[in-house]
Amino acid sequence: MREKRMRQLLLYGLLAVSASARESVTAINVEDVEDENITISALTGTFVVAQPDNVSMTRGSIGGSTDPELFNVTDNDLLYINSETPIEGDGRLTVENVQGDGCSPSTDGRRLQYIGGDGIIGEVTCSYQARFRGRGLQPDFFSERTTVSITVLPPSEADFIRSGDGRCADRNTLTYDEVVYEDITNATTCEDRCTSVNTDEININNALVGYSYNTDRECFCAYSRGKSPCRERSEPPSEADRCDGFGGTRSIGGISRQENTIDLLPAEECFRNVNFVGIYPREDNEQARGARTPFNVLGNDILDVGGFTGRNSQLRVDSVVNVNTEGTCTISPNRRSVIYSTGNPDFQGITFCQYRAILGDDESTTSPLTRINIEVGGTDDPTVSP
């Protein structure tokens, strides 16, 4: 990738007499210079430039370690041998000195291997050096350390366990937006129907939290708020009988992982999707201080990954909405906060805006819009009603 920047080239003299003669290395700093502007032919020797990689993988399941995933990270690395023209992805390059949890060199040494632990979803960063083995009296040549950013996606298939008696509900005992099928013979057939519903661009495990089945042979496929394939109650998906709950942006249904059940008649059973990944946001009560005030709105949100919670350090603010807001809410540069800017300097009272959280840059793993209540010009110890 000739257009990429090289921060430092490591030049190894061809006259070095052994691989242990690392002190013969000459470092040439090339700050903020495009590599096509470097006169490589003026350099006599061999060196390796490892390029950063951005890769992705899909977990097979949330629980347990993932199967080993192999990445051909040296395919875009550059090898210069006494020439200004590099060899890209030279088959003699190997992956060495790997750092990062779950990362290691592959058995053949040419690739980077990643094995993710329990509940790891989102971005993982590892690093390595590319190595070119010298021949004869030549030393081995190593690149600078470079990064590999691995996006770990939720499993592509749902997996269910029986959660309890009653209708599936969330942490606040709210039932979900549901797609309903009638005259379903058993729970297994209900599961098949729910997993066959098209959720469009949203991964099924970011949408389907579980399903309920009752003795009247009704099947209820339960979706986290805003993720239901029903956009209107009168528009169920193909072959479904109806939609319960509004769906779409009008939804007031349950959010994120199934935690509770509600006793209803006829008798029902709830089955939880153990591969579900979602964000459970909480309203924030804040006070504005000065002309611009940052709010750590993600601090009390919960990232649900299967049976794991927390790990919300990778959450970011995806968007903000200002509707009847006195002043303006914007996203901080690091996307970890919402910044409130005062509009009318004489205003005192309560205003609000809304934000949506996201896991890294995964547009499937987002929260519903969540309210930030903001007291402007109040006391030092505000009490804001939600």
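## Overall build

Among contacts in the chain between residues at least 6 apart in sequence, 68% join residues at least 24 apart. A contact means heavy atoms within 4.5 Å. The chain holds one helix and 31 strands. Both are DSSP runs, numbered from the N terminus: helices are H or I with at least four residues, strands are E with at least two. Of the 386 residues in the chain, 47% are buried, that is, under 20% relative accessible area, with exposed over 50% and partly exposed in between (1.4 Å probe, protein chains only).

This is a predicted model: local features need pLDDT of at least 70, side-chain atom pairs count only at pLDDT 80 or more, and totals for chains, interfaces and linings use all residues. Residues are numbered from 1 along each chain as its sequence is written, and side-chain values use heavy atoms, with hydrogens and water left out.

## The six-stranded sheet

Six strands form an open sheet with antiparallel pairing, in the order S14-S21-S17-S18-S16-S19. Two strands pair if DSSP finds at least two bridges between them. Strand S14 (160-165) and strand S19 (242-244) are the edge strands, and each pairs on one side only. From one strand to the next, the twist averages 25°. Angles run from 0 to 180 degrees between N-to-C directions, and axes are lines fitted to C-alpha atoms, for helices over the stretch in contact.

Strand S17 (residues 208-214) pairs with strand S21 (residues 268-273) over five bridges, in the antiparallel sense. Here tyrosine 213 has glutamate 269 in S21 as its bridge partner. Helix H1 (residues 187-196) packs on the sheet. The helix touches S14, strand S16 (177-181), S17, strand S18 (219-223) and S21. Its direction makes about 145° with that of S17.

## Strand S16, enclosed

Five of the five residues of S16 are buried, so this strand is largely enclosed by the rest of the structure. In a regular strand, side chains alternate between the two faces of the sheet. Both faces of S16 are covered. Asp177, Val179 and Tyr181 are buried on one side, and Glu178 and Val180 on the other.

S16 also has two partner strands. Five bridges join S16 to S18, running antiparallel, and tyrosine 181 has cysteine 219 in S18 as its bridge partner. Three bridges join S16 to S19, again antiparallel. There, valine 180 stands opposite arginine 242.

## The three-stranded sheet

Three strands form another open sheet, in the order S5-S10-S9, with antiparallel pairing. Strand S5 (69-71) and strand S9 (103-105) each have a single partner strand, so one side of each is left without a neighbour in the sheet. The twist averages 30° from one strand to the next. S9 and strand S10 (residues 112-114) run antiparallel and are joined by three bridges. Cysteine 103 has tyrosine 114 in S10 as its bridge partner.

## The second largest pocket

The second largest pocket has a volume of about 230 Å³. On a 1 Å grid over the protein atoms alone, a pocket is an open set of points where a 1.4 Å probe fits, with protein on both sides within 12 Å along at least five of seven lines; lining residues have an atom within 4 Å of a point. Grid points are joined across faces, edges and corners, and the volume is the space filled by probe spheres set on the points.

Strand S11 (122-132) and strand S13 (146-153) each supply at least two lining residues. S13 gives the most, with three. The lining includes Ile121, Thr151, Arg316 and Asp362. By class, it has four nonpolar, four polar and four charged residues. Ala, Val, Leu, Ile, Met, Phe, Trp, Tyr, Cys and Pro count as nonpolar, Asp, Glu, Lys and Arg as charged, and the others, Gly among them, as polar.
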